[in-house]
Structure formats: structure tokens, C-alpha cells
Amino acid sequence: MSAERETAIRLHNLTVAYDRHPAVHHVSGTLKTGSLTAIAGPNGAGKSTLLKAIVGELKPAEGRIEHTLGRTEIGYLPQAAEINRRFPIDVLDTVLLGAWKVSGAFGSVSRAATATAREALQTVGLEGFEKRPIGSLSAGQFQRVLFARLLLQDARVILLDEPFTAIDARTTRDLLEIVANWHGEGRTVVAVLHDFDQVRSHFPETLLIARELIGWGPTSEVMAPENLLRARAMAERFDENAEICEPAA
Ligand code: ADP
Ligand code: MG
């Protein structure tokens with residue numbers, strides 16, 4: 001593989017702001033193809049903002065994101081609070097929403113896509129749940145559905161925002177196995193996580209952020225006590241009225 005192909009996503013001096021108030025400052029680094037990376041950091045550190053910038057939901061205020069991936073080649077699982085579960089749709093159709101690549105936005109869903117969706121539901125342990133309305137599922141079951149959807153999307157890069165927060169231990173274990181399989185298949189996987197033990201035991205790379213990058217590299221180095229202390233100290237200074245970021249002249 002050439003060096004270019006090995007680079008999945010590169011961040012160059014990335015600053016992302018809401019209404020000119022920066023939530024992520026001057027982050028640079030590379031997510032290598034096939035890497036398995038945890039994003040860690042205090043509440044309000046900019047973790048979700050960083051993922052949204054990578055998927056293209058937010059535009060950089062400064063700097064840029066470089067990759068050669070098409071829209072469907074990045075799979076994204078938003079934080080639970082941002083997903084509407086009251087939508088009256090059943091489990092199978094929810095999974096099929098991950099199949100735009102297979103069906104096209106206006107095409108009918110193919111029989112092959114339906115078969116693949118059923119298989120994905122089996123993989124996440126939800127065989128027999130096809131017709132259940134999503135509103136009737138437990139948090140863990142719903143997260144399994146969203147993982148089945150990602151399985152169907154078959155993306156090269158997968159970004160997960162707090163996939164295991166408020167999820168039962170058994171589901172977490174099963175879904176971590178799917179994450180490990182994705183990694184084994186050479187996909188690039190990134191997950192925002194709060195559980196440091198999970199980070200240390202399952203994620204070889206870590207990006208530690210507290211609005212600014214604190215560390216990005218091998219987990220054992222990045223999650224060193226002095227870095228965690230620094231992250232916490234920086235979080236105490238987070239200020240909702242942070243100064244406005246002026247673009248570099
Ligand atoms: P994390 O995911 O690390 O908890 P976020 O990326 O959600 O942090 O938020 C980083 C900062 O940006 C926080 O101060 C948050 O209040 C602010 N923020 C997040 N989303 C918005 C928004 N839609 N509008 C304005 N500010 C936002
Ligand atoms: Mg978040």
C-alpha cells in the first residue's frame with residue numbers, strides 16, 4: 001500500500017466552532033487505515049464535535065480534514081440522545097436504512113438487501129425481532145439494531161459516539177466483539193468511550209482531547225496519569241463564553 005492509501009483521515013490544524021465559539025482547537029494528526037482508536041476526554045471536551053466534523057456535519061472554522069472517502073464509506077453512530085426512537089418504524093426497516101448504497105435513495109429495497117439485513121440482525125443477536133417497533137426495544141436491543149445497520153452499510157471507516165454508555169454489560173460485550181471483527185477486517189474504527197478499562201483493554205490507539213489535543217497515539221502512552229490529570233485540569237477551565245476564535249491572518 002502506498003503512503004496515501006494508508007492514510008484514512010488526516011486532520012490539519014482543525015478548529016471547529018459553534019457560532020464562532022470554538023469547541024475543538026487546532027487538532028492535527030492522522031487516523032491510519034485499519035487503526036482502532038478510542039476518543040477519550042471530559043464532558044464538553046469536543047469529542048462529539050470532532051466526529052461530526054469528520055463525517056462532514058460540521059464545517060471547520062479553521063484548518064481542514066483530508067480524506068478520499070465517499071459519503072457512504074463513513075459509517076456514523078451518533079450519541080444516543082440525538083437519535084429519535086419514537087419514529088414508528090420496525091427493526092428490519094431501521095436496519096435497511098443503512099442500505100442506501102445497495103438500494104439507492106429512491107430505488108426499492110432489493111431482496112438481497114433484505115436478506116443481508118436479516119443476517120445482520122442475526123449477527124447482533126436479534127433474530128426474530130424484525131417486525132418489532134423500535135420504540136418497544138430496550139436501550140441495549142436498540143443499540144444492537146444500530147450496529148446491524150452499520151454492518152449493512154459495510155463502510156470502510158466507522159465512527160461510534162459513546163456506543164456503550166447506558167448499555168448493559170452483555171450487550172457491550174457482544175458489540176465490542178463486532179468492533180473487534182471490524183478491526184480484523186481492516187476497517188478503520190473510532191469510538192468515543194468513557195470507560196478507561198474498556199479503552200485500555202480493547203483500543204490500541206487513543207486520542208485524548210480537552211478542546212485541545214492532549215495526546216494521540218498508543219493507548220498506554222496517551223492514557224498516562226499526567227495526561228489524564230491535564231485533561232481534567234483543562235476541563236475545569238472550560239468556559240461556555242470562550243473567546244471568539246479569529247481565523248489566522
Ligand atoms: P463532548 O462530546 O466531548 O462531551 P461536545 O463536542 O458535545 O463535547 O461539545 C463541546 C462543546 O461544544 C461544549 O461546550 C458544548 O456545549 C458545545 N456544543 C456542542 N454542540 C453545540 C451546539 N449544537 N451549539 C452550540 N454549542 C454546542
Ligand atoms: Mg459527546
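These legends describe close-up views of one predicted model.

View 1. The protein has 249 residues, and buried residues make up 47% of them. Its accessible surface comes to about 12900 Å². Carbon and sulfur atoms account for 50% of that surface. Now take the contacts between residues at least 6 apart in sequence. Of these, 70% join residues at least 24 apart.

**View 2. Helices α6 and α7, side by side in the model, cross at roughly 10°.** Helix α6 covers residues 139–153, and helix α7 covers residues 169–184. Their axes come within 10 Å. Angles under 35 degrees count as roughly parallel, so α6 and α7 are roughly parallel to each other. The crossing of the two helices is left-handed.

**View 3. The contact of α6 with α7, residue by residue.** From α6 come Gly-140, Gln-143, Arg-144, Phe-147, Leu-150 and Leu-151. They meet Arg-170, Thr-171, Asp-174, Leu-175, Ile-178, Val-179 and Trp-182 of α7. By class, this contact of α6 with α7 has seven nonpolar, three polar and three charged residues. An α-helix has 3.6 residues a turn, so residues three or four places apart point the same way.

**View 4. Helix α2, residues 47–55, and the residue just after it.** Is α2 enclosed or exposed? Eight of its nine residues are buried, so α2 is largely enclosed by the rest of the structure. The buried residues are Lys-47, Ser-48, Thr-49, Leu-50, Leu-51, Lys-52, Ala-53 and Ile-54. Just after α2 comes Gly-56, with a positive phi of about 95°.

**View 5. Asn-13 in strand β1.** Most residues other than glycine have a negative phi. Asn-13 is not a glycine, yet its phi is positive, near 45°. Asn-13 lies in β1, which runs over residues 7–18. Its relative accessibility is 32%, so Asn-13 counts as partly exposed.

**View 6. Glu-162 in the loop between β6 and α7.** Strand β6 covers residues 157–161, and Glu-162 is found in the loop between this strand and α7. Glu-162 has a positive phi of about 50°, although it is not a glycine. Is Glu-162 buried or exposed? Buried means under 20% relative accessible area. Glu-162 has 11% relative accessibility, so it counts as buried.

How values were computed
Residues numbered from 1 in each chain as written. Chains lettered and ligands numbered in written order. Predicted model: local features only at pLDDT ≥ 70, side-chain atom pairs only at ≥ 80, totals over all residues. Heavy atoms only, no water. Axes fitted to C-alpha atoms, helices over the stretch in contact; angles between N-to-C directions. Helix = DSSP H or I, 4+ residues; strand = E, 2+ residues; numbered from the N terminus. Parallel < 35°, antiparallel > 145°, perpendicular 65-115°, else oblique. Left-handed = near helix turned anticlockwise from the far one by under 90°. Contact = heavy atoms within 4.5 Å. Nonpolar A, V, L, I, M, F, W, Y, C, P; charged D, E, K, R; others polar. Buried < 20%, exposed > 50% of the residue type's maximum accessible area, 1.4 Å probe, protein only. Areas by Shrake-Rupley, 256 points an atom, 1.4 Å probe, with all protein chains shown as cover.
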